[in-house]
Amino acid sequence: MQIKTFIKQCREHDLFKMLSIYVVSSWVILQVLSVTWQPLGLPEKSVTFLIITLLICLPIYLFIIWKYKIVPLEKERLLIDNDEDLEEDPDKPLVKKSFKKYYIISSIFITTICAFAAFFIVDINFIKSAPTVSFSETDRIAVLKFGNNTGNPKYDEIGKMASDWIMHGITENKLGQVISPDVIKQYNSAFNENSKDEADNKTIKRYLKPAKIISGNYYLKNDKLVFQATITDGKTDKTIYSFKPQDCLDANPLMCIEKLESAISGFFATEGKKKLMLQESPPNYEAYRLVLESNYVEYDENYLQLIEKAISLDPNYFEPQVLRVAYYYNSKKYAIADSLLGILKPTSNRNDRQKNLLNLYAALLKGNNKKVYQANYKEFEYAPYDLANNSTTMIVGLQYVYKVKEVDSIYNLVKNDSLNIENCYECINRIYIKSLADIELKNYDTAIQLLEKSININNDEILKKPYLTALIRNGNDAKVKSFLNKTELTESAALNDKLDLYAGIEYLMVNKKDIANSYFKKVTDNPEVKLQEKALAEFYSENYRNAETYLTDFIKENANNYEARAFLAISKYKGANQKEAQTIIQNLEKLRKPYQFGAIDYSLALYYAAIGDSKIMYEYLLKSIASGHKYEPHSYNNDVFFKEYKNSKQFEKVMNFWQ
């Protein structure tokens, strides 16, 4: 049978008509679901599930057509062949063996395509886990700051520009895992090394171990700057490649830098990796200098002024525009950040990193913590050994998506044993997050050991609270008392009030109410204590009448503290003023507005937990986490209000919401 004949018989059997009905019906259902899944409260991947289902059902539909449409015609043909007196009806299509063969082959072909498509969709959406650091040791490339051989200090920043531009070219072309000059500087500082070439080489070889090292220098020749660069083997120091010198006018060094970056990227691109540039053209020199300068000022209006000035000098310069969005987000001016993000576009549709940064801040502003984690992890892959980047990824993993077990592996990427934590803020931050993760995993001894060692070197306030948590939950009451007695002699009264309040709340978590109340009493007995600490101490002591007074005064000064409003409602309820409590809760509902990230829902969950309505409590907990509320040290499973619920399956659903 020819293909033309097979197609003709398909028309005679109305096969194309039946397939058209299936395709059109499927398309209509998909269109309807794509715009209704959210209002109906269905999962985000509902459309994906439907596509997979329709692909799987197509071969089944073909089988049904065969069994109930084709096979009966086959039987009619046999009857006609066996009845010589029966006159053949010319209008009745007959099924031939050749048609059956072609139909089965076509069905197998369509089934294979559907199976492949379904598997591909499942693999992309459900099987592939969060990205991991994929570069091996042979892909590590250290980029050193270029040496200034001009003899004039005014050209010093050009060396930083050269190394940065080369580093961006390598990372955005995915040519390797870059170890930047800043990372080397951090390690030198942490290991108490001097910032010299000899110290740099020692740090690189001993701790960072790159496969290749890019180094270079520049000098003046008449009125021109001349740039030289070399790639050396990270283990043997043998020169792998020396690049042709690039020269340009000393007033326009970026011309040389761009040429040199292209040559270096071209060298690494010979392995066949896809080229993907960071930016279409180099930035204005003065704008670039201002962005560099912003790294060394306080994160305040002065910082913002430098960023704004850089943007005004070069409106196409992408980095300061992202930094401006980040500044307003971190300052909790979310509407401004969202507005600026809305007008910010990548300089190229091929630039993955720019698009990833936009996706990161879009996810943050929407409270989609899963996408925040995925976008942040992509940034982490560019520089996993950078202390700030490493620390941020630990925070996002623990407090945004509650991937507690991943924190340890990220922490261990950087060898912390020899770091000089006395003068290393990011080192302390990493220890803080690592200890919180250990506490979540009930590895109290590990957390205590790490924190005691760290506090002896750097008595930073941020380490004291997790240390108290680990001691109290491990039953080390004597150590808790000794530690707090010591802080009374060495720390400010304000910090001691915070620590006493914190210790009291932690003792409530382990059902030691008498000890908890003794610490709350220390706070309430202090006539100089701040209003917030006094209000909370009275509240957790269940002195609800006193708590009402202090909470009312506190809310007058802090109208957007939604938890304080929930505590006031609880105090009213416990004081037999249920009508007033309900009025406060109703008013709390009216305070909803954009960019609250589940704060009101969480506060309402506190209230309903306190009055024993677990059904409504779970509803608000799910709403809060879905809106972007974070897993912080005293929230969710670490909150006193949810202590009796945290082992339930409903609560487990809240904790695993983003996983």
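1. I60 sits in helix α3, residues 46–82 (helices are DSSP runs of H or I with at least four residues, numbered from the N terminus). At 46% relative accessibility I60 counts as partly exposed, because that class lies between buried, under 20% relative accessible area, and exposed, over 50%, with a 1.4 Å probe and protein chains only. Together with I56, F63, I64 and Y68, I60 makes a nonpolar surface patch of about 540 Å².

2. This is a predicted model, in which local features need pLDDT of at least 70 and side-chain atom pairs count only at pLDDT 80 or more, whereas totals for chains, interfaces and linings use all residues. Residues are numbered from 1 along each chain as its sequence is written, and side-chain values use heavy atoms, with hydrogens and water left out.

3. The structure holds 19 salt bridges, each being a side-chain nitrogen of Lys or Arg within 4 Å of a carboxyl oxygen of Asp or Glu. One of them joins the side chains of R353 and E379 at 3.1 Å, N to O; this pair links distant parts of the chain, with R353 in helix α13 (residues 352–366) and E379 in helix α14 (residues 369–382), 26 residues apart. R353 is buried at a relative accessible area of 18%, and E379 is buried at 10%.

4. A further salt bridge is formed by the side chains of E506 and R473 at 2.9 Å, N to O, linking helix α21 (residues 493–509) with helix α19 across 33 residues. E506 is buried, with a relative accessible area of 0%, and R473 is buried at 18%.

Notes: Patches are made of residues with over 30% relative accessible area and no salt bridge: like charges are joined within 9 Å, nonpolar side chains (Val, Leu, Ile, Met, Phe, Trp, Tyr) within 5 Å. Accessible areas come from the Shrake-Rupley method with a 1.4 Å probe; for residues, only the protein chains shown count as cover. Helices (H or I, at least four residues) and strands (E, at least two) are DSSP runs, numbered from the N terminus.
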